[in-house]
Amino acid sequence: TNRSSRETVQGLLCAGLAVMVLAAASGCTNTGYLAQGEKLYTGAELHIEKKGEIPAGGDLESQLNKLIVPEPNGKILGLFRAKLWLYNIGIFKESMGEPPVLLQSVSPDRIATRMRTLLENKGYFQGEVNYSVREEEKTGSVLYNVAIHPPYTINSITVKGDDSPLLSSIRATMNETVLRIGDPYDLTTLQEERVRIDAALKEKGMFFFAPDFILFQADTSLGERKIDLSLILRNRIPEEATRSYTIGNVYIYSGYALNRDSVNVPAGDTVLAGGFHYIDIDRAFDPEFIIRSVFFVRGSPYARRDHDQTLNRLMN
């Protein structure tokens, strides 16, 4: 019985494959199902022209290719759009079929704009991106042409501004910068640098500082495809973001929950231990055991490290 079932399944698979092969051989391109004026999108081609020495080992081409959407209808063995065919003939249309991807759904102008933005973000300034749409009677495709020059590289890094405590604190972190002189300009690296500086300032008590308060100016007037980078602060930063905060009183609420009304919950016993105010609402834990997992110290600067370490210890 099992052998008979396997033979039946194999027969159905072979029959299905034979049908698709016959359809492909008969020139069934699926275009006969298109409405008047519609064209089937058959894909895109990317051509990159390198005007000068481009760093080896990069994934620029891969990143540019990822911007090319949508994907055309898939083919089996590169020959036949089986899913589209099933959709068109109405067999397994919903479960296995795939609706046609039309040339009208492609926005090559928008894709070209995104490619230019990617090139600039990676330091490939003055890059050229253009495209051409190749149309047949019932099909269409797109050719993207990208011409790139060698990327701009970082020549210098400067923190601009007065000697305010905030800028002085930022300058003190620059020995740990992720920016390197001679590296290609890369917007992603600049964003990483802003996050790094923010994390360093959080360890100095600047609780309300944010990465968005940091800006970079790029000066390309030096020539030779080099950039002088200047770190500046955004105008009108909130006053609290420039201050370093220290830990005051620390209150630990046992049994606290956001959905509990603190007015209607008994205050519980307050225990003073190790400089902490332990408010025991549910009397579920030994205060001394919990206090050992709290790393805030009254009078010391707020530090995100102490914050995260406290959360991790309590959760564990």
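1. Basis of the note. The model is a predicted one, in which local features need pLDDT of at least 70 and side-chain atom pairs count only at pLDDT 80 or more, while totals for chains, interfaces and linings use all residues. Residues are numbered from 1 along each chain as its sequence is written, and side-chain values use heavy atoms, with hydrogens and water left out.

2. Overall make-up. The chain has eight helices and nine strands, where helices (H or I, at least four residues) and strands (E, at least two) are DSSP runs numbered from the N terminus. Of the 316 residues in the chain, 33% are buried; buried means under 20% relative accessible area, exposed means over 50%, and partly exposed covers what lies in between (1.4 Å probe, protein chains only). The chain exposes about 19700 Å², and carbon and sulfur atoms supply 52% of that area, with accessible areas taken from the Shrake-Rupley method with a 1.4 Å probe and, for residues, only the protein chains shown counting as cover.

3. Nonpolar cores. A nonpolar core is a set of buried Ala, Val, Leu, Ile, Met, Phe, Trp, Tyr and Cys residues joined through side-chain atoms within 4.5 Å. The largest has 20 residues, and those with the most contacts inside it are L64, M115, L119, Y144 and V146. Two or more residues each come from β1 (40-50), α2 (60-66), α4 (108-121) and β3 (139-148), with α4 giving the largest share, five residues. A second, separate core of 15 residues includes I170, F213, L231 and L233.

4. Contacts of Y144. With contact taken as heavy atoms within 4.5 Å, and leaving aside neighbours within four places in sequence, Y144 touches residues including A44, L46, I68, V106, M115 and Y131. Across the chain, among contacts between residues at least 6 apart in sequence, 64% join residues at least 24 apart.

5. I91 counts as partly exposed because its relative accessibility is 42%. Together with Y33, I89, F92 and M96, I91 makes a nonpolar surface patch of about 480 Å². Patches are made of residues with over 30% relative accessible area and no salt bridge, like charges being joined within 9 Å and nonpolar side chains (Val, Leu, Ile, Met, Phe, Trp, Tyr) within 5 Å; a salt bridge is a side-chain nitrogen of Lys or Arg within 4 Å of a carboxyl oxygen of Asp or Glu.

6. Backbone points to check. Most residues other than glycine have a negative phi, and most peptide bonds are trans. F92, in the loop between α3 and α4, has a positive phi near 50°, and R225, in the loop between β5 (214-219) and β6 (226-233), has a positive phi of about 55°. A cis peptide bond with omega of about -5° joins V69 and P70, and P70 is in the loop between α2 and α3.

7. Aromatic pairs. Nine aromatic pairs are found in the whole structure; rings of Phe, Tyr and Trp (its six-membered ring) pair if their centres lie within 6.5 Å, and planes under 30 degrees apart count as stacked, over 60 as edge-to-face and the rest as tilted. The pair of F207 and F208 is edge-to-face, because the ring centres are 5.0 Å apart and the planes are at 80°. Ring pairs link F207, F208, Y245, F296 and Y302 into a cluster.
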